Amino acid sequence: MTKMKILVIFLCLLYVLPTNSKRLTPRENKILKANCGRYVEGFISLSGKRKETSEEWKALYGKEVSIGEAPWAVSLTMKKRTLSGERVEDQFVQHGTGTLISPWHIVTAAHLVGITEDPLPNCETGELNDAKFLRDFKDFVAFVNVTCAVPEMCKDLRRGDQFKAFAVESLYIRKGYVGEGCENRESFNDIAVFELKEPIEFSRNIFPVCLPSKAKTPVMGAKGYKLYGYGRDPSDKALESGKLKTLVGTVTECSDEFPYEGVFCTAAENRGLACDGDSGSGVVRTSETRNVEELVGVLSAGASCPELYDAHLLQRKHRRTLTQETDLLIDVSSHLEFFCKCCGICTK
Ligand SMILES: *[C@@H]1O[C@H](CO)[C@@H](O)[C@H](O)[C@H]1NC(C)=O
């Protein structure tokens, strides 16, 4: 009886309603590892077959990113619903950002799905028990190869990005994620993987990043942490939210104390900050040993952007030094087992 209970709890923690899993086989994992994190001509899928081939977009003070500059960046949107709860066909609401790590898998922050406050998970052990999620993961839709979060935004900016909706089939949440209901633990293990119904075909503009090859604590002062997100930029007059942009940061002490392992903080070199809509954004870094881009962080939390921007406006007026705030990132390298268990993306 006790054994049974343990097994059931384990499944609930790792797999939220798994249907037919798209877990990678060891062979596919090997092919993925050999081709991730850089453009490899002809690499379009994990079948091992190659295709014969002959190709500005933005957080607070984020730099706009153009197509192909962040081929792994995913706009995570939700299907639009009317006030009475009915789905509106082919209309999407910007929600967060994710990172492509295989043709089927997108890494993001678990809080995009949320947890209701009643009943709460066990805040001490991280067991989800009967805790319910605020949002239905089947309402999520992913877009790749786009510089705006949703089609309407690109249209308003007269950008010709092509939007192809990818439906989500399963969701995996890292054990120990407890959601908003547990005081001071909001961001603990705030990491999740969305699994798609159909695989994404790779090209010059669309390919996955690599996962780190081993657990490694980020070093204070280390530079080159590039965040790509579709979130807000209060300083942008044309479109405040929804443009893909990047911020380059340095590992630093967190401005707010967060007494849990598996997280680290970065501060943007231009005093910018990730904002609403950037949640789940991947932070990548060029590997120290190979010429590939590795996913090292997932944006979980940070200070309030509009407040920081208002403070900066005042500081500029009085020619004072601009306040620098930090972004709290989940350290991907300390969760490598999770990706191997859920998705077959294993680094060893
Ligand atoms: C990616 O976007 C560019 C620009 O919109 C487009 O030309 C290209 O065909 C797209 N690639 C794929 C595979 O959808």
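In this predicted model, strand β9 and strand β10 (residues 263-268) run antiparallel and are joined by 4 bridges, with G249 standing opposite A268 in β10. Strand β8 (residues 225-229) also pairs with β9 in the antiparallel sense, over 5 bridges, and here Y225 has G249 as its bridge partner in β9. A further antiparallel pairing, over 2 bridges, links strand β1 (residues 63-64) to strand β9 (residues 245-252); within this pairing, E64 has K245 of β9 as its bridge partner.

The largest nonpolar core comprises 88 residues, among which A142, A192, F194 and L329 touch the most other members. When residues up to four places away in sequence are left out of account, F194 touches G98, I106, T108, F137, F140, A142, V168 and L171, a list that includes A142, itself named with F194 among the core residues that touch the most other members. In soluble globular proteins, nonpolar side chains tend to be buried together.

A positive value, near 55°, is found for D90, a residue of strand β3 (residues 87-100). D90 counts as exposed because 11 C-beta neighbours lie inside 10 Å, the cut-off for this class being 12 or fewer. R319 likewise has a positive phi, near 50°, and is located in the loop between α4 (305-317) and β13 (327-331). Because R319 has 6 C-beta neighbours inside 10 Å, this residue also counts as exposed.

Terms used
Residues are numbered from 1 along each chain as its sequence is written. This is a predicted model: local features need pLDDT of at least 70, side-chain atom pairs count only at pLDDT 80 or more; totals for chains, interfaces and linings use all residues. A residue is buried if 20 or more other C-beta atoms lie within 10 Å of its own, exposed if 12 or fewer, and partly exposed in between; C-beta atoms are placed from the backbone. A nonpolar core is a set of buried Ala, Val, Leu, Ile, Met, Phe, Trp, Tyr and Cys residues joined through C-beta atoms within 7 Å. Two residues are in contact if their C-beta atoms, placed from the backbone, lie within 7 Å. Two strands pair if DSSP finds at least two bridges between them.
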